[in-house]
Amino acid sequence: MSQTAESVHARAREAVSALEDRLWNVSLALHREPETAYEEHRAARLLTGELERDGFELERGVAGLPTAFVARTGSVSGGGPCVAVLMEYDALPSLGHACGHNLIASAGLGAALAVRAALGEFEGSLLAVGTPAEERGGGKVAQVAAGLFDGVDAALMFHPGVHDWTWAPLTASAQVRVGFHGRAAHPTGSPTEGIDALGALIQLFNTLGVLSRRLPAGSHVHGIVTDGGRATNVVPAYAEGMFGLRGATTSALEDLVDELRSCAQGVASATRTGVEVADVGGRYEHFRDNEVLSGLFAGHLGRAGIRLSEPEPGVYLGSSDFGNVSTLVPGIHPWVAIMGTEGSGHTYEFAEAAAGPRARRVMTAAAEALACTAIDVLLRSDVRDRAWARLRAKAAEGL
């Protein structure tokens with residue numbers, strides 16, 4: 001790499017160091033006042049205010065989402081390469097920032113501010129993208145559909161966790177509602193007149209239990225009863241369940257949704273009920289890691305003494321709407337530990353760790369590595385070419 005690029009990296013790291021207290025205050029402010037999906041109004045105001053303060057041009061409410069935004073800097077012509085740094089900031093109900101999104105937001109903010117400070121005027125564009133509702137609903141799904149990532153050469157973010165991994169094994173996922181329609185009756189006075197919708201739903205759970213035994217690695221289905229009737233002395237005329245489905249790949253998820261639909265229709269036929277099967281929200285596609293970019297990030301992160309390794313085979317970390325972005329443009333989603341492997345995300349302990357001293361070190365290191373990776377993409381055509389070639393090869397192989 002040329003000395004010029006190295007000097008830009010050095011300026012970016014210096015900028016993050018100068019910003020560290022400011023970034024940590026942003027992270028703690030988000031942590032103190034967690035907001036759930038689509039309700040992140042304070043978070044969006046805080047982050048956009050910080051970006052506007054440093055000269056970014058703001059567009060709020062993008063993709064029809066009131067708490068989403070895009071902040072831009074770079075050449076006014078709009079030509080040249082384009083990098084998007086993504087920020088998540090929604091929290092979990094009752095648990096707060098038990099997924100560490102306060103750190104994703106503050107590190108992304110730091111990276112964006114540092115790239116602008118290090119590069120000054122440059123040919124190309126840097127986008128700082130506020131992406132709400134990752135935990136529920138999928139803000140990035142709507143942003144992809146709205147064309148927000150069209151023309152972007154790389155989408156960059158990191159995620160705190162309990163592993164130091166170069167990329168996150170994230171499955172495709174969907175939420176599916178199944179509703180059975182039967183006929184109400186008195187279970188004693190008119191037992192033959194009733195058609196038990198709840199009985200049909202329970203039978204579906206039993207059928208899916210059998211199905212689960214033969215699902216491939218990375219695929220599973222789990223559900224809850226959301227409507228099981230109102231009184232024990234009335235045969236339920238309607239019963240409803242919500243099911244979460246995951247597949248190691250997007251095509252595996254599609255197969256599983258088809259299996260669920262087939263099981264539901266079979267149960268309906270056997271129980272003489274009617275059935276409705278419908279998606280709830282947008283589907284999350286599986287994550288496609290771009291090894292060209294994640295390798296650069298890992299190298300930059302190593303300067304802070306954090307060494308990333310490949311994920312443990314057969315371990316899946318969940319799902320994210322970032323998968324939909326990674327299908328469209330080269331992307332990274334490395335996992336950086338803020339607590340030991342004895343811990344777990346989505347717990348009170350993880351929420352506490354997301355405001356601790358190790359989290360601060362990780363936030364700062366991740367901001368530096370994201371900034372330097374963005375600079376690589378903006379300044380080096382060979383990086384962009386190799387990243388796009390890798391994405392296209394994975395798409396062709398169905399990976």
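The legends below describe close-up views of a predicted model.

**View 1. Helix α3 packs against helix α10.** Helix α3, spanning residues 101–119, and helix α10, spanning residues 357–379, meet at an angle of about 45 degrees, and their axes lie 8 Å apart. Because angles under 35 degrees count as roughly parallel and 65 to 115 as roughly perpendicular, this angle makes α3 oblique to α10. The crossing in which α3 passes α10 is right-handed. On the α3 side, the residues making the contact include Leu103, Gly110, Ala114 and Leu119, and on the α10 side they include Met363, Leu370, Ile375 and Leu379. Sorted by class, the contact of α3 with α10 comprises 17 nonpolar and 2 polar residues, with no charged residues.

**View 2. Four strands form an open sheet.** The strands follow the order β8-β9-β7-β10, and their pairing is antiparallel. The edges are taken by β8 (220–227) and β10 (274–279), each of which has a single partner strand, so one side of each is left without a neighbour in the sheet. From one strand to the next, the twist averages 20 degrees.

**View 3. Strand β8 is joined to strand β9.** The two strands run antiparallel and are connected by 7 bridges, with β9 covering residues 238–247. Valine 225 has glycine 241, in β9, as its bridge partner.

**View 4. Helices α5 and α6 lie across strands of the sheet.** Helix α5 (residues 197–212) lies across β7 (172–181), β8 and β9, and runs at about 20 degrees to β9. Helix α6 (residues 250–271) lies across β7, β8, β9 and β10, and runs at about 10 degrees to β7.

Methods
Residues are numbered from 1 along each chain as its sequence is written. This is a predicted model: local features need pLDDT of at least 70, side-chain atom pairs count only at pLDDT 80 or more; totals for chains, interfaces and linings use all residues. Side-chain values use heavy atoms; hydrogens and water are left out. Axes are lines fitted to C-alpha atoms, for helices over the stretch in contact, and angles run from 0 to 180 degrees between N-to-C directions. Angles under 35 degrees count as roughly parallel, over 145 as roughly antiparallel, 65 to 115 as roughly perpendicular and the rest as oblique. A crossing is left-handed if the near helix is turned anticlockwise from the far one by less than a right angle, and right-handed if clockwise. Contact means heavy atoms within 4.5 Å. Ala, Val, Leu, Ile, Met, Phe, Trp, Tyr, Cys and Pro count as nonpolar, Asp, Glu, Lys and Arg as charged, and the others, Gly among them, as polar. Two strands pair if DSSP finds at least two bridges between them.
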